[in-house]
Amino acid sequence: GLSFDTLLADKAFDSNWIVEERNARGTTICISQRPQRKEPLAIDEVMYKSRHLVENFFCDLEDFRRIALRTDKTDLSFEAIVNACAALLNSK
């Protein structure tokens with residue numbers, strides 16, 4: 001039931017049925033493609049670089065043990081620690 005204009009995803013979402021469904025809805029797709037794909041998808045290079053930056057950011061966030069293990073009890077405290085770690089990463 002969600003509507004969005006762009007799908008930024010990794011290789012886990014590189015399946016034909018996902019791509020076909022998103023194309024039918026008019027969504028722009030930027031997926032890191034599997035090397036086994038017979039017909040590579042056309043991608044926007046600028047958007048692909050942005051997708052890569054977002055993926056690297058989440059990898060950096062998971063370096064913080066508390067986030068990787070999701071030890072916070074509530075959604076609010078988890079959101080607060082993610083924001084704090086994001087600010088710390090951004091200040092580097």
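The structure, a predicted model, holds one aromatic pair, a term for Phe, Tyr or Trp rings (for Trp, its six-membered ring) whose centres lie within 6.5 Å. A pair of aromatic rings is described by the distance of the centres and the angle of the planes. Here F57 and F58 are the partners, at 5.9 Å centre to centre and with 70° between the planes, which makes the pair edge-to-face; planes over 60 degrees apart count as edge-to-face, those under 30 degrees as stacked and the rest as tilted.

F57 has a relative accessible area of 30% and is partly exposed, while F58 is partly exposed at 49%; buried means under 20% relative accessible area, exposed over 50% and partly exposed in between, with a 1.4 Å probe and protein chains only.

## Basis of the values

Residues are numbered from 1 along each chain as its sequence is written, and side-chain values use heavy atoms, with hydrogens and water left out. Because the model is predicted, local features need pLDDT of at least 70 and side-chain atom pairs count only at pLDDT 80 or more, whereas totals for chains, interfaces and linings use all residues.

## Nonpolar surface patch

F57 and F58 also belong, together with L8 and V54, to a nonpolar patch on the surface with about 340 Å² of accessible area together, computed by the Shrake-Rupley method with a 1.4 Å probe and only the protein chains shown as cover. Patches are made of residues with over 30% relative accessible area and no salt bridge, nonpolar side chains (Val, Leu, Ile, Met, Phe, Trp, Tyr) being joined within 5 Å and like charges within 9 Å; a salt bridge is a side-chain nitrogen of Lys or Arg within 4 Å of a carboxyl oxygen of Asp or Glu.

Helix α2 gives the largest share of this patch, three residues. V54 is found in α2, which spans residues 45-61 (helices are DSSP runs of H or I with at least four residues, strands runs of E with at least two, numbered from the N terminus), and V54 is partly exposed at 41% relative accessibility.

R22, in helix α1 (residues 16-24), is buried with a relative accessible area of 10%, and T27, in the loop between α1 and β2 (28-31), is buried at 6%. Leaving aside neighbours within four places in sequence, R22 is in contact (heavy atoms within 4.5 Å) with F4, L7, T27 and I29, and T27 is in contact with F4, D5, T6, L7 and R22.
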